[in-house]
Each structure stands twice: as structure tokens, then as C-alpha cells.
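Me: I am new to reading protein models. Can we go through one together, feature by feature?

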Amino acid sequence: MAADMRLPTIRKTVSLSASAFDRKDLVVPGDVITSDTGFMRGHGTYVDDDKLTASVAGEVQRVDKLICVRPLKTRFNGEVGDVVVGRITEVQQKRWKVQTNSRLDSVLLLSSVNLPGGELRRRSAEDELTMREYLQEGDLISAEVQSVFLDGALSLHTRSLKYGKLGQGVLVQLSPSLIKRQKTHFHNLPCGASIILGNNGFVWLYPTPGQQEEEAGGFYTSLEPVSLLDREVISRLRNCLLALAAHKVLLYDTSVLYCYESSLQHQVKDLLKPEVMEEIVMLTQQKLLEQEG
């Protein structure tokens, strides 16, 4: 039986500067960050023989005299203003519990959502009794981190009309460290699909919507059949995300779009083959280097 196998057809050498091999901002446990005693010890560091040493593998971050190491692989540690994609796990009194890939379940208060109709009003006992009509267990939502509780749990809100219940699409779960922080994490890609890059590593792919009814208040979900063309585009984008994540490439709108363009010469199902993954990621990295140059 013949085996279907391909090798990467393009293998251009990418020149790296000498500083790329001698980077001091990436450390592994046991690496000495600095011997200067004037710095303060932050998360991911400890003092050994008056030397500040890394306790986790990650990126060194300096803020004035404070040094900390941000782990490369960790649970999502949310900050105020982060965009997240989460799944409702429980309906409680005046709140929903949301799974957001963090250490603890996040909280979405009834007072922190726009109810259908969009008008601002006090949340009555009737609203509390009908909470499951708005969001029930298993629903996916997009939200923003409003605050962080003392125990590290996140408080979310969906007051803006760009947040709310998610309808038809595909959820891709990746590492939060691969998501690049940008001003906006909602992108309508020119290939005909839209993407929400959650800071928590949950990425939502869906067909680019037309005119949405603002009266829905963030709870409108279209149940119209999705065309075969849209499904193929979303499937290709999903496989491109997996390829970029497998090769530890930062995910943002430009890198995803370049990878999508590089993958057009292959069939969607072939994008999961390791040799094809390597080829399209190499092409994507070359395009990104050319853009930066």
C-alpha cells in the first residue's frame, strides 16, 4: 500500500542576527538574570547567593527596579481590559460561572450584561428568574475582564454590543502565551471569515456577519445555514491556527492571514500533515520578516 507523503518543497535559510542567539530576555529555571542587588524580586524569580535567578522558563520583564519572569506556558492570568472567549458552566443566583482557561472559574454578573432590548434598567427579580433564557450551560460568549478578585478569579462584563453570546462557528483552544496583545482582538479577515483572538487562548472563528440587529443586546445568534464556501474557509483558518501554534508562532491578524494565503496551494485536509505544516509556517515567517524589513 503506497503511503501519501510529501516533503517541504521550499526551504530557504532565514538569516538571524547574532543577538537572536544571545537573547537575555528568555530564561530557563536556574538562569541568573542579574547580579545587581539593586533590583526587586518579582514573580518567577528567587535570590540565590545575592543573584536574582529565574524559577520558571519564560520572558524577563523589567518595570523600573522590579524584575519578573512571565512563563511561556501557563494558565491564563487575566488583566483588566483583556478580551476573553469563555463557556458558561453554571447558572447561579444573579451570576453565571464561565470557564476561561484560567485557574478559577470567571464570574459574569447579571448586572454586567446588556439584556435583550439594549436599554439600561435595573435588573429585577423577573430578570433573575429568566437568566437561563439569556445564557445557559454550554453557551459560548465573548466578554471583557472588568476586574480581578483577590483570589485571582476574573469578573467579566458584556455591556458593549460587540460582546455577547456567540452563535455558529468553531472554537480553537490554544496556549494564552501565543496570543499577541493588540488594541483590538476582533478582526474581519478579507478571506470572508471573522476571528476573535481571546487573550485566554480561546479563538473563535465564524462567518463574517451582515447587518446585526442592535436590539438583540448581544444575545442575537443567527441560525441560518452556513454555506459550504464559508465552512471551507473556517476549516482552513482552523488548520492554519493549529500549524502556527505547533511551531510557536505569535497569533495576530497579520500572521493568521499570511498563513492562510500560504496554505491556498494545499487542500484543507492536507494542512494537518506535519510536512505541510512546516512548509506553510516557513512561508508565513518569511512574509513576516519581509514586512518587518
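**Reading a predicted model**

Reply: Thr158 is buried, with a relative accessibility of 6%. Keep in mind that this is a predicted model.

Me: Why does Thr158 count as buried?

Reply: Buried means under 20% relative accessible area. Thr158 has 6%, so it counts as buried. Thr158 sits in strand β12. Its contacts beyond four places in sequence include Leu108, Val113, Ser142 and Tyr163.

Me: And Leu161: where is that residue found?

Reply: Leu161 lies in the loop between β12 (154–158) and β13 (164–165). Its relative accessible area is 40%. That falls between the cut-offs of 20% and 50%, so Leu161 is partly exposed. Now compare sequence with space. Leu161 and Val113 are 48 residues apart in sequence, and their C-alpha atoms are 9.7 Å apart.

Me: Next, sheets. In what order do the strands of the open sheet of four strands run?

Reply: Start with the general idea. Strands of a sheet pair through backbone hydrogen bonds, in a parallel or an antiparallel way. Here the order is β14-β17-β16-β15, and the pairing is antiparallel. β14 (170–173) and β15 (186–188) are the edge strands. Each has a single partner strand, so one side of each has no neighbour in the sheet. On average, neighbouring strands are turned by 20 degrees against each other, direction ignored.

Me: How many bridges join each pair of strands?

Reply: Take the pairs in turn.
- β14 and β17 (residues 202–207) pair over four bridges. Val170 has Leu205 as its bridge partner in β17.
- β16 and β17 pair over five bridges. Ile196 has Trp204 as its bridge partner in β17.
- β15 and β16 pair over three bridges. Asn188 has Ser194 as its bridge partner in β16.

Me: What should I look for in the hairpins?

Reply: Look at the residues between the strands, and at phi. The hairpin of β15 and β16 has four residues between its strands. Gly192 takes a positive phi there, near 105 degrees. The hairpin of β16 and β17 also has four residues between its strands. In that hairpin, Gly201 has a positive phi near 90 degrees.

Me: Is β16 enclosed or open, and which way do its residues point?

Reply: Five of the five residues of β16 are buried, so the strand is largely enclosed by the rest of the structure. Ala193, Ile195 and Leu197 point one way. Ser194 and Ile196 point the other way.

Me: Which helix packs on this sheet?

Reply: Helix α4 (residues 228–246) does, touching β14, β16 (193–197) and β17. Its direction makes about 160 degrees with that of β17.

Me: How do I read the helix itself?

Reply: An α-helix has 3.6 residues a turn, so residues three or four places apart point the same way. Now the case here. α4 has 19 residues. It reaches 27 Å from first C-alpha to last, close to the 27 Å expected at 1.5 Å a residue. Its buried residues include Val233, Arg236, Leu237, Cys240, Leu241 and Leu244. The buried residues of α4 pack against β14, β16, β17, α5 (253–262) and α6 (274–292). Lys248 follows α4 and has a positive phi, near 60 degrees.

Me: Where does a database record come in?

Reply: An unreviewed UniProt entry places "domain: Exosome complex component N-terminal" at residues 26–63. In the model, that stretch is 0% helix and 55% strand. Its end C-alpha atoms are 16 Å apart.

Technical notes
Residues numbered from 1 in each chain as written. Predicted model: local features only at pLDDT ≥ 70, side-chain atom pairs only at ≥ 80, totals over all residues. Heavy atoms only, no water. Helix = DSSP H or I, 4+ residues; strand = E, 2+ residues; numbered from the N terminus. Buried < 20%, exposed > 50% of the residue type's maximum accessible area, 1.4 Å probe, protein only. UniProt positions renumbered as here; feature names shortened; annotations may be inferred. Pairing = 2+ DSSP bridges. Axes fitted to C-alpha atoms, helices over the stretch in contact; angles between N-to-C directions. Contact = heavy atoms within 4.5 Å. Expected span 1.5 Å × (residues − 1).
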